[in-house]
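I opened this entry to record what I looked up in one model.

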Amino acid sequence: MKVAIIGGGISALATAFYLKKERPQWEVTVFEKEAQLGGKMKTVNQNGFLFEEGSNGFLSSKPDTLALVSESGCEALLMPSNDNARIRFIFKDALHRLPESPMAFLATPLLSWREKLRVAMEFFTPAQKEETDETLQSFGYRRVGKGMTDTFLDAMVAGIFASTPEKISVKAAFPAVVRLEKEYGGLFRGMLAKKKKEAGPGGILMSFAGGVSRFIEKLAEASGARIELEADIREIASEGSLWRIKSGDETLLFDKVVLATPAYESARYLRTIDPEAAALLDQIEYSPVSVVGLGYEHLSHDLLGFGLLTTTSAQQEILGVLWDSSIFTDRAPKGKKSVRVMIGGQRNAELALQEDAALIAMAKRGIMATMGVADEPTEIYVKRYEQGIPNYPVGHLAAMDKLFARIGTHHALYLNSNAYRGVGLNDCVANSKQCARSIVKQSEKAH
Ligand SMILES: Cc1cc2nc3c(=O)[nH]c(=O)nc-3n(C[C@H](O)[C@H](O)[C@H](O)COP(=O)(O)OP(=O)(O)OC[C@H]3O[C@@H](n4cnc5c(N)ncnc54)[C@H](O)[C@@H]3O)c2cc1C
């Protein structure tokens, strides 16, 4: 059995790993168009500073990525975040520590007394009966009020999706939160019930010694898949029960094809095979996002914490600053510090597309405005993604149901990437495992 996986990000590699685990005798080939694997998971070492271009880790509260790390023999690379990474900040009118306890919540100046009371009323707010797809803003206003939504949820969704509460579907982006209302009648009720059932520590942020690229390389090796870098996949077409792939000047035949490319690339391949599926893929939009990594010889800030996120109301150019060298010890040479500044997303898309010099200036202005620091960095690294993070608007999940129903009509053709049902690494890994499982299951049915 020959399987082609197009793309070389975590979705492709995790799918390859789980396929080979289930069926070691299958020949699996990963075709990545760049010279390096990883997609949005790449680490750059610049004079001893490790700058992550995209993802810097995953939460250990969901089992999927942790399981993949251990199954692929990468446990020795695992690096938990430092304890002080649990201290987080929100910049609204000024920098405030994110409250971590009910007492701290009562004391926080981030919300007025009225707004705090409204949050407490969530306990008594009846659950919505009918199942709707609504924005995070509509859900938040309904359950915890405007103050909490415009401050906490706004900052959180900027941090996770580079989005804003009015542009994102709560059901697509935070299905677990929606389930709390549906199954337990409310968020507090649900969290209390779950706490009783699942006594144990919450998740902590995990990464890899040397950066995420180390994990990507090891995972690719452990998968046992053949890896083709700088691949030029020009066309995919069905040929009887097989798939014909034009790779450069070669024509190759495969039994199964997985498109683990971004939605707009998968659309390109499907345009003639299935115009309706291609149209659904074309509708998935991506927001631009830029990352400015700054390394400092001397920085007059203790960076005690994970970093900060800004609220929309703060009217800052930056989405937030990750205090990288405080989160993971090996991100800067001993005695030096580093941060990464996030710019753009759905909140300020046009800002992310500016020239490097403008992005660097924005990052420095943002650091000055939020942290009060004007020190000059000695290292600078800029990564600009024109199509960085897929948007999950209201209606996304229904469109995905339609898309996957169409894809299911094609023999041995599969779609898997962060564009469909989850952006975080944990989601990508869980979906990849699921994708590998359904490929194996369908091949069993066929025989
Ligand atoms: C700035 C940023 C920060 C993030 N931070 C976090 C975080 O801290 N935690 C977290 O959980 N998630 C984070 N994410 C999200 C997470 O990194 C991504 O969702 C995930 O890595 C996507 O993996 P993927 O394989 O689905 O897609 P991608 O990583 O986009 O991989 C797609 C691959 O396909 C290749 N490709 C494209 N076209 C072709 C073609 N025609 N032929 C062959 N190959 C092709 C690309 O080169 C790429 O390697 C972040 C994302 C960004 C952008």
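Domains. I worked on a predicted model. I looked up the division of the protein and found domain 1 (2-41 + 61-67 + 214-284 + 393-446), domain 2 (112-197) and domain 3 (286-390). I then took the pair of domain 2 and domain 3, whose centres are 28 Å apart over C-alpha atoms. In this pair, eleven residues of domain 2 are in contact with 16 residues of domain 3. I sorted the domain 2 side of that contact by class: four residues are nonpolar, four polar and three charged.

Ligand. I counted 36 residues around the ligand, and the closest are Gly7, Gly9, Ser11, Gly39 and Ser55. Two or more residues of the shell come from each of α1 (10-22), β15 (286-296), β19 (379-390) and α17 (425-446). By class I noted 17 nonpolar, 14 polar and five charged residues in the shell.

Helix α2. I checked burial along α2 (residues 63-71) and found Asp64, Thr65, Leu68 and Val69 buried. These residues cover an arc of only 135° around the axis, which puts them on the same side of α2. An α-helix has 3.6 residues a turn, so residues three or four places apart point the same way. Pro63 and Ser70, on the other side of α2, are exposed. I looked up what covers the buried residues of α2; α1, β5 (58-59), β6 (78-80) and α17 are among the elements there. After α2 comes Gly73, with a positive phi near 75°.

Conventions:
Residues are numbered from 1 along each chain as its sequence is written. This is a predicted model: local features need pLDDT of at least 70, side-chain atom pairs count only at pLDDT 80 or more; totals for chains, interfaces and linings use all residues. A residue is near a molecule or strand if its C-beta atom, placed from the backbone, lies within 6 Å of it. Helices (H or I, at least four residues) and strands (E, at least two) are DSSP runs, numbered from the N terminus. Ala, Val, Leu, Ile, Met, Phe, Trp, Tyr, Cys and Pro count as nonpolar, Asp, Glu, Lys and Arg as charged, and the others, Gly among them, as polar. A residue is buried if 20 or more other C-beta atoms lie within 10 Å of its own, exposed if 12 or fewer, and partly exposed in between; C-beta atoms are placed from the backbone. The arc is that of the directions from the helix axis to the C-beta atoms. Two residues are in contact if their C-beta atoms, placed from the backbone, lie within 7 Å. Domain bounds come from an automatic or database domain assignment.
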